[in-house]
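Colleague: Could you walk me through this one, strand by strand and contact by contact? I would like to learn how to read each feature.

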Amino acid sequence: MLQTDRIFLRAPEPSDLAFLYRLENDPNLWPVSLSVAPYSQEALRQYLESASLDIYAARQLRLMVCLQQERSAIGTVDLFDFEPLHQRAGVGIALASDQRGQGYGKETLQLLEEYATQVLQLHQLYASVSQENTTSLQLFRQAGFQEVGVRKDWLRTPKGWQAVVELQKILGLS
């Protein structure tokens, strides 16, 4: 279920520490991840030890996005704010900068949607994307997410205040 011809999704492993260290400490991703400081390897190691917690207990799930041929991680995709009663969760995706623009994000969202629908039986997914992040907005729109609102002056960045676009996808609808 969690694979295509080009990629597969899997649980984080201790061997992902170096990749996560580079990804989480990429200052270009900080504004969208709400990070303001680097993560230590020790903090990430502790995260990896607890990453196997059940989504129903942790209310979140991170999966590694990996290339089939190389078997190497190229990104992460997260379900967060998991709400089983209302059958919804937020979605976040981050790909290594050299892997963007190759269709991996779209494939990742398709796999995640299958998992969310078939395994978690979710009714909807949502994403919050900076209005300045036109690439991510395009990705989510191409994946069938609809704009449902804009939060003005929501993110404070070194370039000033940015609006955030709220996107939602009701699962099972095209």
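Colleague: How many bridges join strand S1 to S2?

Modeller: Some ground rules come with that. This is a predicted model, where local features need pLDDT of at least 70, side-chain atom pairs count only at pLDDT 80 or more, and totals for chains, interfaces and linings use all residues. Residues are numbered from 1 along each chain as its sequence is written, and side-chain values use heavy atoms, with hydrogens and water left out. Strands (E, at least two residues) and helices (H or I, at least four) are DSSP runs numbered from the N terminus, and two strands pair if DSSP finds at least two bridges between them. Here, four bridges connect S1 (residues 7-10) to S2, and the two run antiparallel. Ile7 is placed opposite Leu67 in S2.

Colleague: Why is S2 described as largely enclosed by the rest of the structure?

Modeller: Buried means under 20% relative accessible area, exposed over 50%, and partly exposed in between (1.4 Å probe, protein chains only). Seven of the seven residues of S2 (residues 61-67) are buried, so the strand is largely enclosed. Both faces are covered, with Leu61, Leu63, Val65 and Leu67 on one side and Arg62, Met64 and Cys66 on the other.

Colleague: What joins the side chains of Glu24 and Arg62?

Modeller: A polar contact is a pair of N or O atoms within 3.5 Å; within protein, one must be able to donate a hydrogen and the other to accept it, and residues adjacent in sequence count only if both atoms are side-chain atoms. The Glu24–Arg62 contact is 2.7 Å. Glu24 belongs to helix H1 (residues 17-24), and it counts as buried because its relative accessibility is 13%.

Colleague: Which residues touch the most other members of the largest nonpolar core?

Modeller: A nonpolar core is a set of buried Ala, Val, Leu, Ile, Met, Phe, Trp, Tyr and Cys residues joined through side-chain atoms within 4.5 Å. In soluble globular proteins, nonpolar side chains tend to be buried together. Of the 33 residues in this core, the ones touching the most other members are Leu79, Val91, Leu122, Leu125 and Phe140. Helix H5 gives the most to it, with six residues. A second, separate core of 13 residues includes Cys66 and Leu17.
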